[in-house]
Amino acid sequence: MTPDPGSGTTDEADDATGGETSSSGSPSATTEGTTASGVPQLEISDGPVYDFGDVVLGESLLHSFTVTNVGDGMATGLTGLPLSPHFAYEGGEFPGLLGSCGDTLDVDDTCTVSVAFTPMEVGLHAVMLALAYDQGPDVTRPLAGGGTGSSANLLVNPGGEMVGSPPPGWTSDGTGEWATFEPFGDVDPVEGSNFIGADTGPNDTPLYLRQTVDVSAWASTIDMGLMRFSFAGQVRSLQVANDEGRMLVHYRDEMMAVSESWDSEWNLDDEWTSFDDERPAPEGTRFIQVELCCRKSAGNFCDAYFDDLQLVAHYP
């Protein structure tokens, strides 16, 4: 402990500190131990945000980040915090197979951290690369990247392979009944073993079967105008000019208000007829709703059938 300059003689101060005195009689400052007791400060290269760019789904792109200690003390306990899906330390563990960082980093020294971006879903992705050390606070670098390609089919039970009334994954509006059907008469599935159809219901009143898909995970990509969605499906009637079938796609905001729609119009063909549409999702889209409609003119059953339904996201 440095003595009080007013307590004792100059010689006593020298003896207590073991150092030389200044002309004022106070001990001189010493640099011994500055590095050990100083404060480390880490920086990560490639700021302010590192963008991996667009990468095809399932492929990987690596980047090595340089970590520098610009402080005046050694950093200890250095480690990388976990990364979220699509981003990972190369090989799975900090600092990555090509990384060189250990658990300490001395003053003015550098080391590297190797991160892989492997998108498994279409759209834009982001994460925070964060390194922790004993003397903290954590040092961070925002990372971004895009997964290019097409998603899997976003519809559940798109062809009625899961049987039930209404078909699992779908919701009836309650006007009539909907069901899954196996092949009968001249009606065979387009794909798989079953297809979807309306069953009983009133005359001249449309029956609706709906499925609403939550696309809010792509909100930022959608609002930038970079996300497209395609719909495709097949519809037929039992007989020519019998009961009518129709498909609609509604783009809805977070309050479920419709901002844009697509309509196949009514179909009366007695053979499977394909319809499709592709468009950028309107800004603010958070849900996409697919509607199947049937309208019968007579009889007990609404004989319009649907199969091979697809809703797919595309980026860019």
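Colleague: Which residue forms a salt bridge with aspartate 277?

Modeller: Arginine 279 does, with the closest N and O atoms 2.8 Å apart. A salt bridge here is a side-chain nitrogen of Lys or Arg within 4 Å of a carboxyl oxygen of Asp or Glu. This is a predicted model, where local features need pLDDT of at least 70, side-chain atom pairs count only at pLDDT 80 or more, and totals for chains, interfaces and linings use all residues. Residues are numbered from 1 along each chain as its sequence is written, and side-chain values use heavy atoms, with hydrogens and water left out.

Colleague: Is aspartate 277 buried or exposed?

Modeller: Buried, at 15% relative accessibility. Arginine 279 is buried too, with a relative accessible area of 17%. Buried means under 20% relative accessible area, exposed over 50%, and partly exposed in between (1.4 Å probe, protein chains only).

Colleague: Which residues are joined with them into one network?

Modeller: Salt bridges with shared partners join Glu260, Asp277 and Arg279.

Colleague: How many salt bridges does the structure hold?

Modeller: Seven. One of them pairs the side chains of arginine 210 and glutamate 291, at 2.4 Å from N to O.

Colleague: Where do those two sit?

Modeller: In distant parts of the chain, 81 residues apart: arginine 210 is in strand 14 (residues 207–214) and glutamate 291 in strand 19 (residues 287–295). Strands (E, at least two residues) and helices (H or I, at least four) are DSSP runs, numbered from the N terminus. Arginine 210 counts as partly exposed at 25% relative accessibility, while glutamate 291 is buried at 6%.

Colleague: Changing topic, what order do the strands take in the open sheet of four?

Modeller: The order is 1-3-8-6, with antiparallel pairing. Two strands pair if DSSP finds at least two bridges between them. Strand 1 (42–44) and strand 6 (87–89) are the edges, each pairing on one side only.

Colleague: How many bridges join strand 6 to strand 8?

Modeller: Three, and the two strands run antiparallel, strand 8 covering residues 110–117. Tyrosine 89 stands opposite valine 115 in strand 8.

Colleague: And phenylalanine 181, which strand is that in?

Modeller: Strand 12, residues 178–181. Leaving aside neighbours within four places in sequence, phenylalanine 181 is in contact with several residues, including Ser193, Phe195, Ile196 and Tyr305. Contact means heavy atoms within 4.5 Å.

Colleague: What separates the C-alpha atoms of phenylalanine 181 and serine 193?

Modeller: A distance of 8.6 Å, with the two residues 12 apart along the chain.
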